[in-house]
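Please read this briefing alongside the sequence and the coordinates.

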Amino acid sequence: MTSTLFIGLDGCTFTVLDELVKDLPGEGITMPFMKKVLEGGVRARLRSTPNPLTPPAWTSIMTGKGPGHHGVFDFIRAEDKGGEVFWTLYDARDVDSEMIWSIASRKKKTIAALNFPLTAPPPDVNGCIVPGFIPAKHLRRNTHPRELFERLKQNLPDFNPKELAWDFDNEKQALEVLSPEDTANWVRYHLPREEQWFKVAEYVLEHDRPDLMAVMFDGTDKIQHQAWQYLDPALLPKNPQGHDKAMRDVCLEYFRNLDRYIERLVTLAGPEAQVFFASDHGFTASHEVLRINSFLEELGYLTWAESDGSEQALRREASDFANLDWSKTTAYCRTPSSNGIHIRVSENPGDPGIAPAEYERFRDKLIEDLYSLKDPATGEQIITTVLKREEWFPGPHMKQACDLTLVLRDHGFVSIRNFKPSVVARPHPAGTHHPDGIFLAFGAGVPAAGDVGLRKIVDVCPTLLHSLGLSIPSDLEGEVPTTFFTPEWFAEHPVKAGAKTRATAKREPTEEMDANERQQMIEQLQMLGYME
């Protein structure tokens, strides 16, 4: 029997969840089952990674460690070679910490992990993995075991790998169409995709009965990015009409479906199962854009590359990465999703960048300059916090982190484009990530305790391991929250300390995405606001 059910809800936030379990005029209760969960279980705000972003945050959930230890900081990883910066996408081979799927497997538990990012290529686990965030043509090859893919095709009449994975062509429409009707249709397109993942989860849970059943629904994040103003009670028109009502209706349809999926999975898991919900981050509204590289240019830290009018130069200017004169740049932001600044330190005399001995002085001056950016009308700081990497990303991979990570007053993502002015108001509020997501528990051995405060994202992994009856590896950075279990259950199931996690396999050559697939993936990140 399944003892632990984990449902990931990408970007889910109590701002929306609390509203959808209310009996609202004209709408009723959108999520009646989640209302039962909230009233009959435990809830906590879940503090995300310092930069609350999908890849590092979900990797911290899956490993119980921060980015400084697991080595994932962004969608894109880069290598600074002095004269140039090279980019590629992170995948499972870059995760330098053992994931919960492998920890539980080697302790003789069976697992199922569906739609989680950075699980391709999959490890050899005692159970099954169907990874998320990969092209449809690679889904079969990255499903473990291989025969599961064939089982799904044979037993699920509507099984559609292209729909299960991200449909690049459909997602790209978000960049091309402008009409209200097409925008609503684009949001509606995500409904059948989420239904596909539910059907896969239902089949695996019903037929394989893994000890740990885990599925992640990511429509919450994608819909909130595009339709936040139709979900945030602070932004929603009081009596929405026309397009506003159509958008509100399709958003509510998604969450009604999600509530139905959750209820079915919890019912299948049975009354003795413990059920946990977590999100990688929360959501809020961003009202302005900080063009951070333009601001750094004003301060003299970077120089834009000059275009010679060639086709290559034009492609670089239109690309999604900073197009700079690397010989004259000492500090810059690589990607909007990083919300961070890299300082270029010369490895050898004569190399571009600052001298190693100048690093501390240079960084302190840069921090001072960043805090100097203020709203001319109110005097309020645009950048509210500047995080030093050694303080916020300790671990063997600390030097892969941005030297400085920025927290903006509205939690928005920065822009890296060469546009002026450096700060501009958005024409409409946009959905962006908030550092506080959700962490919920429900079921056997869980008290109806309500809100128990704030937990850390690295607490999710040890909590799930403890629910499975397993010891907690001594090198995990999180801990099991005692408030998530009844005293009686804890008395019978005390927390057990275990040995350290095992080293992960080295990155080995494997089939890579081709250039077209990489570009399609980048277009998805554009659509969600992580790239420009």
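In this predicted model, the buried residues of helix α16 are V460, C461, P462, T463, L464, L465, H466 and S467. Because 8 of the 8 residues of α16 (residues 460-467) are buried, this helix is largely enclosed by the rest of the structure. Just after α16, G469 adopts a positive phi of about 85°.

**Helix pair α10 and α11**

- The axes of α10 (residues 219-227) and α11 (residues 242-269) come within 11 Å and cross at roughly 170°, and the two helices are therefore roughly antiparallel to each other.
- On the α10 side the contact is made by G219, T220, I223, Q224 and A227, while α11 contributes M247, C251, Y254, F255 and L258.

- The open sheet runs in the order β6-β5-β7-β1-β8-β15-β2-β16, and its pairing is mixed.
- At the edges stand β6 (127-130) and β16 (450-456), each of which pairs on one side only.
- With direction ignored, neighbouring strands of this sheet are turned by 15° against each other on average.
- Strand β5 (residues 111-114) pairs with β6 in the parallel sense over 4 bridges, and A112 stands opposite C128 in β6.

**A helix across the strands**

- Helix α3 (residues 54-63) lies across β1 (4-9), β7 (212-217) and β8 (274-278), and runs at about 170° to β1.

Definitions and conventions. Residues are numbered from 1 along each chain as its sequence is written. This is a predicted model: local features need pLDDT of at least 70, side-chain atom pairs count only at pLDDT 80 or more; totals for chains, interfaces and linings use all residues. Side-chain values use heavy atoms; hydrogens and water are left out. Buried means under 20% relative accessible area, exposed over 50%, partly exposed in between (1.4 Å probe, protein chains only). Axes are lines fitted to C-alpha atoms, for helices over the stretch in contact, and angles run from 0 to 180 degrees between N-to-C directions. Angles under 35 degrees count as roughly parallel, over 145 as roughly antiparallel, 65 to 115 as roughly perpendicular and the rest as oblique. Contact means heavy atoms within 4.5 Å. Two strands pair if DSSP finds at least two bridges between them.
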